[in-house]
Amino acid sequence: MRAARLIKMVLLLQSRPAMTAAELARELEVSERTVTRDAQALSEAGVPVYAERGRAGGYRLIGGYRTRLTGLARGEAEALFLSGVPGALREMGLEDAASAARLKVSAALLPSVRDASRTAAQRFHLDAPSWFREPETPELLPAVADAVWDDRLVAARYRRGEEEVVRELEPYGLVLKAGVWYLCARAAGGGSFRVYRIDRFTAVEAGGERFERDGDFDLPAFWAERAEQFARSILRAEVVVRLSATGVRRLPYAVDAPAAREALEAAGAPDAEGWVTVTLAVESEDVAHEQLRLLGPEVEVLAPATLRGRFARDAGRLAGLYGG
């Protein structure tokens with residue numbers, strides 16, 4: 001533990017002109033007294049760490065000293081490619097590995113470009129969770145992530161409806177979608193790939209046995225195909241509606257966007273009043289009622305009659321509230 005901390009201290013000083021004891025203590029998560037002892041240990045080991053006293057003082061490396069301890073460990077290199085998603089790294093337990101990797105890369109750069117990571121971070125940030133919900137980290141996510149990184153078979157208990165099933169899985173990849181974590185995996189020994197919600201696992205135990213990955217498996221392509229299949233599978237009903245020009249523009253923001261696009265592409269020409277009639281795929285009448293209400297007076301439901309009746313009752317209630 002101390003050896004890793006000493007290396008990190010050297011890399012920090014190598015990547016910056018100077019750092020105060022307080023800054024080093026914060027980065028290393030130790031006390032300032034420990035920083036002083038570590039600096040002395042480095043000096044005794046031949047690393048030219050120099051301490052300057054006073055308000056503007058701090059620690060620095062003398063004479064352009066450069067350490068060669070910048071090689072990335074495998075885990076650090078893998079975590080570095082995820083460093084644009086800091087929340088995901090933290091939830092998977094990889095934050096320390098990514099931090100060490102960034103330090104090593106920064107230490108290896110020329111001084112003129114050493115601040116590249118900071119300038120990039122100030123300009124681009126990915127916030128994965130959706131709006132208006134507090135993201136919750138599944139308790140078993142770090143254990144699943146470890147198994148994914150190491151290609152280890154896992155014995156898992158998974159909640160499906162009111163029952164739990166036991167599965168031995170080959171965990172291939174993790175996906176973070178709108179703040180929800182999913183595992184793409186297949187049964188041990190082969191078979192088709194399936195998607196599991198991490199928060200529905202009730203137990204996960206990684207064994208010592210590794211599985212041989214299918215070299216043809218492409219996680220982004222698999223997820224894109226499965227996501228499209230899922231989106232289409234839940235659209236089991238149809239409604240017929242008339243839309244004003246404003247309703248046409250707003251429709252993709254009120255309902256499933258691909259379904260809206262397909263409905264509008266298949267629509268005929270506007271009628272004499274400029275309204276367009278479309279047949280729209282929806283999940284259910286209840287869901288269509290909730291979604292299409294967002295369009296207000298820019299939509300008229302034509303079919304089914306039961307849904308049109310619900311909107312007629314909504315209109316009557318609104319007239320009662322605002323008619324006077």
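Student: At roughly what angle do the axes of helix α12 and helix α13 cross?

Tutor: Axes are lines fitted to C-alpha atoms, for helices over the stretch in contact, with angles from 0 to 180 degrees between N-to-C directions. In this predicted model, local features need pLDDT of at least 70, side-chain atom pairs count only at pLDDT 80 or more, and totals for chains, interfaces and linings use all residues. Residues are numbered from 1 along each chain as its sequence is written, and side-chain values use heavy atoms, leaving out hydrogens and water. Here α12 (residues 285-292) and α13 (residues 305-322) have axes that come within 10 Å and cross at roughly 40°.

Student: Which residues of α12 and α13 meet?

Tutor: Contact means heavy atoms within 4.5 Å. From α12, E285, D286, A288, H289 and L292 meet T306, L307, R310, F311 and D314 of α13.

Student: In what order do the strands of the open sheet lie?

Tutor: Strands of a sheet pair through backbone hydrogen bonds, either parallel or antiparallel. Two strands pair if DSSP finds at least two bridges between them; strands are DSSP runs (E, at least two residues) and helices likewise (H or I, at least four), numbered from the N terminus. The 5 strands follow the order β6-β5-β4-β3-β7, with antiparallel pairing. At the edges, β6 (193-197) and β7 (201-210) each pair on one side only.

Student: How many bridges join β4 to β5?

Tutor: Strand β4 (residues 163-177) is joined to β5 (residues 180-187) by 8 bridges. For E170, the bridge partner in β5 is R186.

Student: Is S244 buried or exposed?

Tutor: Buried means under 20% relative accessible area, exposed over 50%, and partly exposed in between (1.4 Å probe, protein chains only). S244 has 6% relative accessibility and therefore counts as buried.
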